[in-house]
Amino acid sequence: MFLSFAILGLLYVIFLSVLAYLGLGFVPITIVAGLMILAQWYFSDRIVLWSSGAKIVTRDQFPELHDLVERTVARNNLPKPKIAVINTRMPNAFATGKGPRSSVVAVTTGLIDILDTSELESVIAHELTHVKNRDVLVLTLASLFSTVAWYLMQFGFYGGLYGGGMGYGGNRNNNSAGAMLIVIAVAMLTWIVSFLVIRAISRYREYAADRGSAQMTGKPIKLANALMKISGTMKNIPTKDLRQKEGLNAFFIVPALSGSTIGNLFSTHPPVQKRVEKLMEMEASMS
Amino acid sequence: MNFFKRLLKNTSYHVNDYIIDSGSLFSLSSAQITLETKLNLKSTGKAALGLKNVSGRIFAETVEEIKNFLDISKRESDLSYRLMNDSYDYIWIVFQSGKVEDIISSISATGEIVHDGGFSKQLFVAMFQFSNYNGKKNDHYLVYNYATNKFYPFVLLSKNERDNKIENEIMETVSNELPFERDESLWYPIWNLTL
């Protein structure tokens, strides 16, 4: 976790110093990209709730769900999140929100149907750990680098074409064309490396959330069962919800920004098999 | 993560991992007299400690240790106890005694056994039951939250309705005597528990 951030920070510094050295006017673009990702973070909960069709539910509508969440947050001294339900057969859950105090935990009706109370509790605890660890913020920050790099790559590419064709001639033209190439190369490298690091961070956060869930519930095997049930069903029922999700992920640049979805099979998540193995090891170590 | 937490000024709450504050529990023994004299609420002599069930032998041993301890206490006082499970996989140890002090010290000691076993985060709440003066309604509770070390009221109006008016009266009456949860959003209800 710390190492990932150190690497990302270092990349960012190198990247900025190259820019500064070249003295190119990329500052406005960096600011715009920064603002965009800030807005994305700020509106993330509303965007995700709106696009997933999640509805905030009251205690009267889902008393058992509220009880489960309340008992878990009460024992761990966490603020109670808003609870949302998505009306779909697809079993899934996610957490979103700017911080622990304004977070939302959403589950699908399919999830409530296939899991028993303890399994549902373990999935909720997994999502609560994401909230506690501020994973949406962490991944937003992490993706800042790749977003900026992406914009610079494009800008460098078009800027290079433009500069090559309509330069003012002489040495200056050659210099700026060379500079453009360097910027493109550096931006590309930044983008590739940060892309990989984001996925590494994301996978690491998933394991951390699994561990957090195991500690909160005291029963790692329940989360293992839940994960197997969820992944089993997900493979068997292809519905249009998956396509919706893909669109959502594209919009978010980094898939994990659509909230921290449990049990889905994107590369931002470790394979379910491995997660189950780790949970079973935890379960075994308890006896 | 400390850096980020400080950066975001997110220090207002924390997970209170391994602190068991027995003093808070014992302040109930004077507060219950205030409840009786000012609000006509009398202890029914019943209380329950809720504990999240955990997999494995070590936790099972801790539960055995609690039983052994309580069996000994039972012989030395008029304390009785029983264990039950609820649908959320929580274990409830229900205590009964004519002396509130005995219940408080038993619950405190039980909490310490759980804590020593390494399961303090599994401690949920201790619920102390009160009835109004004519004894017709047994569904007034003071709930002690182990994560915050604070008490809050929980009064049933009907099977799934709370009586917020009496809950606020209880807060006004004893909030100076007990470590009291003043944030009403943390007054989590415990439904369907028969002591």
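1. Three elements of chain A, namely β3 (93–96), α6 (117–132) and α7 (135–166), each contribute at least two residues to the lining of the largest cavity. Helices (H or I, at least four residues) and strands (E, at least two) are DSSP runs, numbered from the N terminus. The top contributor is α7(A), with 3 residues.

2. The model is predicted: local features need pLDDT of at least 70 and side-chain atom pairs count only at pLDDT 80 or more, while totals for chains, interfaces and linings use all residues. Residues are numbered from 1 along each chain as its sequence is written, chains are lettered from A and ligands numbered from 1 in the order in which they are written, and side-chain values use heavy atoms, with hydrogens and water left out.

3. The largest cavity has a volume of about 100 Å³. Its lining counts 14 residues, and the closest to the centre are A:Gly97, A:His130, A:Val131, A:Asp135 and A:Val136. In total there are 8 cavities of 30 Å³ or more. A cavity is a set of points, on a 1 Å grid over the protein atoms alone, where a 1.4 Å probe fits but cannot get out; lining residues have an atom within 4 Å of a point. A volume is the space filled by probe spheres set on the points, which are joined across faces, edges and corners.

4. Chain B has 6 helices and 7 strands, in the order α-α-α-β-α-β-β-α-β-β-β-β-α from the N terminus. Of its 195 residues, 52% are buried (under 20% relative accessible area, 1.4 Å probe, protein chains only).

5. The 7 strands of chain B make an open antiparallel sheet, ordered β2-β3-β1-β4-β5-β6-β7. At its edges, β2 (80–85) and β7 (161–162) each pair on one side only. Strands pair if DSSP finds at least two bridges between them; β1 (residues 41–52) and β4 (residues 123–132) of chain B have 7. B:Leu51 has B:Leu123 in β4(B) as its bridge partner.

Key:
Buried means under 20% relative accessible area, exposed over 50%, partly exposed in between (1.4 Å probe, protein chains only). On a 1 Å grid over the protein atoms alone, a cavity is a set of points where a 1.4 Å probe fits but cannot get out, and a pocket is an open set with protein on both sides within 12 Å along at least five of seven lines; lining residues have an atom within 4 Å of a point.
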